[in-house]
Amino acid sequence: MTEAPHNDTPALADEARRRFLKRAGLTAGFSLFAGSALAAGLPKALDEATSSERRWGILVDAGKCPEGCTACVDACFEEMGIEGPRVGDNHSRPDQDSQWIRKVSLKNEDTGHALALPVMCQHCTYPPCVDVCPTGASFKRADGIVLVDRHVCIGCRYCIMACPYKARCFVHEAIHDQEPYMPRGKGTAEGCTMCVHRIDHGMKPACVVACHEEGAGAMTFGDTNDPESAIAGKLRDNTTSAIRADLGTEPGIRYMGI
Amino acid sequence: MTNRIRYHTIDNSPGFWAIFVLFLILSAIGLGAAFYMEHHGHWVTGMSQNVVWGTPHVFAVFLIVAASGALNTASIGSVFGRKPYKPLAPLSALLAGALLIGGLAVLVLDLGRPDRLVIAMTHYNFRSIFAWNIFLYTGFLVVLLAYIWTMLDRNVKAYSTPVGFIGFLWRLVLTTGTGSIFGFLVGRAAYDAAIMAPMFIAMSFSFGTALYILCMLAIMVGNGRPVGDELVARMAKLLGVFVAGSLFFVAVHHLTNIYGPETRGLEAFLLLDGGIYTSLFWLGFVLLGSVVPMVLFFHPATNRSFSMVSLGAVLVVLGGLAEIYVIIIGGQAVPQVLFPGYEVSSSFFDGSVAYYAPSWPEVLLGISGFAMAFLVVALGVKVLRFMPHSLADPLVDAHFKGKADKARGGDAAQAQTA
């Protein structure tokens, strides 16, 4: 009996050493991974809260956006798993289908000047949809991205009434095969998330990527608070505007050429 | 002894139970319609991404607006001390609560996720007028219960005036809240206006009083209880003033929009070439819902006739529904202007007038709101003493100088001797 502690002590010490080494190794490995991830451009660790030091935004150069090009729209539908009006195997009528981003064709009534541009959630600094939401399901992250908490949305559609940009949608029927990173559900409101799941992993929104790869490169994404970013530079050097700028919602989506 | 008004419950009669069962069936049909829409999703309705608030909202908003207006009759007695209205007050408070319950039921059953009602009661965003309204509506029901208690229980009768005053203030705030649901919508030209709140208050006076007159006459006459001509004429003229008031606010709203070039297109749509919306406005609200009832209510040849006054009140209700339809559906059908000065088009129907046709489930749910409200009234008057045994003119008005035998709607002799 008295020997036992002596016999166990080295064993316990070995066990403790092994545990320590294992944890140290895991920690070092994780730190190395996290470090390289940050070095690779992750805006923040995934478990870190968003910060108002960043203000994500997109600049659309309407002058570069060709009529008929729907690269951004197609990419959004695919990324988010939205069937939309072009598939047509759902029950909804075309005017009931969600469109988180759409191409709008414009023609000046006086001059006849025509242009086309994508319109999506404008991720306002002062979003009317967030103000009117009775339960707080509509909310704005500190970095300016406006989202819907699908678990708290009761489907009252007041946000859709309040949005000046016609950018919120209502899910009219049951949805199957959702993308794991993008919960959607019948009877709730939804809209462009600026691909928050991609941004948090250091990637650009799907529409912006598609616009550069398949379109005319009319969209620039970035942190408008970072003076070194491309978007901040373009905003500084060009005349830009926002849709319905008169409303004072201060959108994160800005346009050149309107 | 002889000139005292007594309050009685409604007697058992086949007619009462037939109406009760009818309301019960209509309520059940509405619940079934709501379940159908909730089960399948809103694709089975006429609603779309462009018209997200459909016919259920028309009925719900109408009922909620009318609810606060139904309390007018009680307020005139309690707050403004008009004695002839005092015996009318208990039903007024009951009807106000019943209409609110009916309206809220329709509103809640049309939610995308009605199963999450508990979330609406536990998560609040106090920047939202909807969140304020949850408190305004439930608070109004509490005030009404207290008011009814003070009116029906002699021991606390002394409190009926102060509680009635709170009720009066509360209903004004409540309808301000309902109007502001639309008035605060900065992104839609059809709504974004401070006048929405007082306009809704004016409408509430009109719709609520119309429904009150209909309910009062139906219950009193249907149960053989006398009602005085003078009383009915007095209420009819009051309703005429309310109808004129709501017409005035609607006119000012439209005139203001016509004056500004920015909103002329909107007004051209609603008032000239909006199809169903234009017809509902001019024929439904203005002509049949306002002008014709005002003639019936103010003309001495018709404002003592129960049937003519009832017809006028029915027209006010239908005209009111038409106007709320124009406001809610017509206001959404107009394209939102994102790019002033541009013609716009898109796959999302930018720049196009939205198509909307009510579906049967929506209409049935809306009608069930009325049925639920009347069911509450029927239950109320059956189990509690809301209704006076007589509203004959000499009884309700000490200064009445007319002929007592004009009391109709029941046994006139009973009215004089009771």
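I began with strand 2 (residues 101-108) of chain A, which is joined to strand 2 of chain B by five bridges, the two running antiparallel. Strands here are DSSP runs of E with at least two residues, and helices are H or I runs of at least four, numbered from the N terminus. Two strands pair if DSSP finds at least two bridges between them. I also found A:Asn108 opposite B:Tyr342 in strand 2 of chain B.

A note on sources: this is a predicted model, where local features need pLDDT of at least 70, side-chain atom pairs count only at pLDDT 80 or more, and totals for chains, interfaces and linings use all residues. Residues are numbered from 1 along each chain as its sequence is written, while chains are lettered from A and ligands numbered from 1 in the order in which they are written.

Next I traced the open sheet of three strands: its order is 3(A)-2(A)-2(B), with antiparallel pairing. Strand 3 (114-120) of chain A and strand 2 (342-346) of chain B are at the edges with a single partner strand each, so one side of each has no neighbour in the sheet.

Then I checked helix 13 (residues 360-383) of chain B. Its 24 residues should span 34 Å at 1.5 Å a residue, and its end C-alpha atoms are 34 Å apart, which agrees. The expected span is 1.5 Å times one less than the number of residues. Is helix 13 of chain B mostly covered or mostly open? It is mostly covered, with 18 of its 24 residues buried (20 or more other C-beta atoms within 10 Å of a residue's own; exposed is 12 or fewer, partly exposed in between; C-beta atoms are placed from the backbone).
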